[in-house]
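Student: Hey, can we go through the holes and pockets of this protein together? I'd like to start with the inside.
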Amino acid sequence: MEETFATDKAADNVFEDYQKHNAGLQISSETAIVSSLRGRYPDWTVTVTPGHTGLLAFARAGQAKAELDTKTESLSAWRLHVPPSQRISQEEGKMTDKVHFGKYDYEWKSEVFIVYTATFQQGFGQVKNNYVLHKRDHGLVDGRCKATDELIAAATKWNNNVHDEVLVFDQERWTKNKELWASVQNASWDDVIMDKDMKETLVNDVEGFFDCRDEYREFAVPWKRGIIFHGLPGNGKTISIKALMHALYKRPDPVPTLYVKSLAGCHGPEYAIREIFVKARLSSPCLLIFEDLDSLITDKVKSFFLNEVDGLESNEGLMMLGSTNYLERLDAGISKRPGRFDRKYHFVLPALPERVKYCDYWRFKLSNNTTVDFPPKLSEAIAAITEGFSFAYLKESFITSLLMIVGSHKGTSKAIDDLPEAGAESHELDHLLFWRVMSQQVKNLRAEMEDARKSAEDASQNNTATIGT
């Protein structure tokens with residue numbers, strides 16, 4: 001009973017503290033911090049700047065020096081262990097602090113600063129501010145500290161640019177994505193298999209836009225453009241987008257990419273669209289990509305989106321690229337109205353020549369592999385039996401077949417034991433294990449394709465019957 005009483009009494013005390021806090025005089029956290037700093041540092045100027053100015057990120061990138069003071073100042077932080085980015089990694093991870101309130105000794109261009117960072121609740125969200133202190137014995141301009149202003153300007157400019165990153169818009173904010181950047185660096189037009197004329201036209205269309213600003217101006221044509229990639233999934237839209245991004249980054253004057261993934265968020269899609277175009281105009285000339293355009297731009301936001309596209313404000317230097325698997329779902333005002341998305345590129349199922357090229361692509365990748373015998377004739381044979389396959393299905397055929405062979409060699413899979421013996425199918429390539437495995441996988445995938453098609457047709461007929469009822 002005594003233990004229970006003690007616990008109850010502690011809970012009562014916590015509740016009393018809670019009541020006292022809510023009954024107390026509420027003042028601005030920012031005002032309280034500024035007043036405290038001015039009282040403690042009477043010989044220093046105090047300048048408040050938002051956390052997104054990026055002073056600490058600026059220092060972490062080596063542009064300045066910032067050392068967290070853990071000796072003389074109280075530190076409010078979460079102590080965290082950050083695991084390695086992948087579980088397979090042999091690294092142990094590291095300990096770090098997520099600082100809510102802290103003091104940093106800061107140096108930039110031989111100037112000494114003190115930077116406090118503080119996070120506090122405001123309304124329904126959190127606010128993070130930086131408080132920059134600098135000695136008053138340096139000159140002031142219009143009551144402002146010149147050295148602090150120069151630091152804030154430099155950090156803001158650096159933070160607004162991307163550094164081996166791609167800006168991705170999701171959940172109503174722009175984030176810098178290093179993983180997407182890394183995957184783009186591995187993409188090349190050499191890896192994109194499509195009709196030669198279409199590839200040449202596409203590359204010239206985009207590169208030519210960014211090369212011809214003066215020509216657009218000479219003929220009084222607005223320097224903006226929109227294109228659409230459309231076609232069934234798995235036929236090269238994504239790899240083409242990445243190859244395009246890579247080529248634009250490699251230009252003498254690199255063209256950045258802004259990648260829109262979602263309009264979801266608590267403020268609604270109109271707010272997101274506005275934020276997207278504000279950033280795009282600040283970043284122009286740039287490439288603005290809308291992934292799955294038909295899903296992003298619904299009837300609810302179509303008018304708002306078109307107002308931004310049509311340029312109630314200047315969209316100079318802005319190339320928009322929308323991708324969709326279903327062009328027919330796009331509103332005609334988007335897909336057919338001149339001056340919005342002017343050019344459409346249809347990514348169709350690969351024809352026989354493209355399928356041969358794709359097989360050759362894998363043949364070259366496996367050229368140093370001693371386990372798989374892959375003569376040139378095999379590319380033509382595989383291409384011949386994969387009519388109607390998308391590049392995604394072709395890729396799955398190769399990956400599954402290779403994994404089966406690897407599993408057989410390691411003794412972890414007996415799937416190959418069920419294959420026909422060499423020569424049983426009376427094909428000139430039956431002596432090749434890879435051909436026999438691939439032939440079986442193509443049959444399996446084709447059966448899956450037929451089942452999926454039949455399921456889609458049945459669903460469509462059921463929906464039609466329900467509507468009729």
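Student: Which residues line the largest cavity?
Tutor: This is a predicted model, and in it the largest cavity is lined by Lys224, Arg225, Val309, Asn315, Leu318, Met320, Gly339 and Arg340.

Student: Which strands supply at least two residues each of that lining?
Tutor: Those are β11 (224-230) and β14 (318-324).

Student: OK, pockets now. What's the volume of the largest pocket?
Tutor: That one comes to about 1,500 Å³. It has 40 lining residues, and Gly51, His52, Ala57, Arg60 and Asn159 lie nearest its centre.

Student: Which element gives the largest share of that lining?
Tutor: β4 does, with six residues. By type, the lining splits into 15 nonpolar, 12 polar and 13 charged.

Student: How about the second largest pocket, what's its volume?
Tutor: About 910 Å³. Its lining counts 38 residues, with Gly234, Asn235, Gly236, Ile239 and Phe391 closest to the centre. α8 gives the most, six residues.

Student: Switching to the surface: which residues form a nonpolar patch?
Tutor: Trp78, Leu80 and Val82 do, and together they have about 270 Å² of accessible area. Trp78 sits in strand β3 (residues 76-82).

Student: Why is Trp78 called partly exposed?
Tutor: Because its relative accessible area is 49%, and partly exposed runs between under 20% for buried and over 50% for exposed.

Note on methods. Residues are numbered from 1 along each chain as its sequence is written. This is a predicted model: local features need pLDDT of at least 70, side-chain atom pairs count only at pLDDT 80 or more; totals for chains, interfaces and linings use all residues. Side-chain values use heavy atoms; hydrogens and water are left out. On a 1 Å grid over the protein atoms alone, a cavity is a set of points where a 1.4 Å probe fits but cannot get out, and a pocket is an open set with protein on both sides within 12 Å along at least five of seven lines; lining residues have an atom within 4 Å of a point. Helices (H or I, at least four residues) and strands (E, at least two) are DSSP runs, numbered from the N terminus. Patches are made of residues with over 30% relative accessible area and no salt bridge: like charges are joined within 9 Å, nonpolar side chains (Val, Leu, Ile, Met, Phe, Trp, Tyr) within 5 Å. Accessible areas come from the Shrake-Rupley method with a 1.4 Å probe; for residues, only the protein chains shown count as cover. A salt bridge is a side-chain nitrogen of Lys or Arg within 4 Å of a carboxyl oxygen of Asp or Glu. Buried means under 20% relative accessible area, exposed over 50%, partly exposed in between (1.4 Å probe, protein chains only). Grid points are joined across faces, edges and corners, and a volume is the space filled by probe spheres set on the points. Ala, Val, Leu, Ile, Met, Phe, Trp, Tyr, Cys and Pro count as nonpolar, Asp, Glu, Lys and Arg as charged, and the others, Gly among them, as polar.
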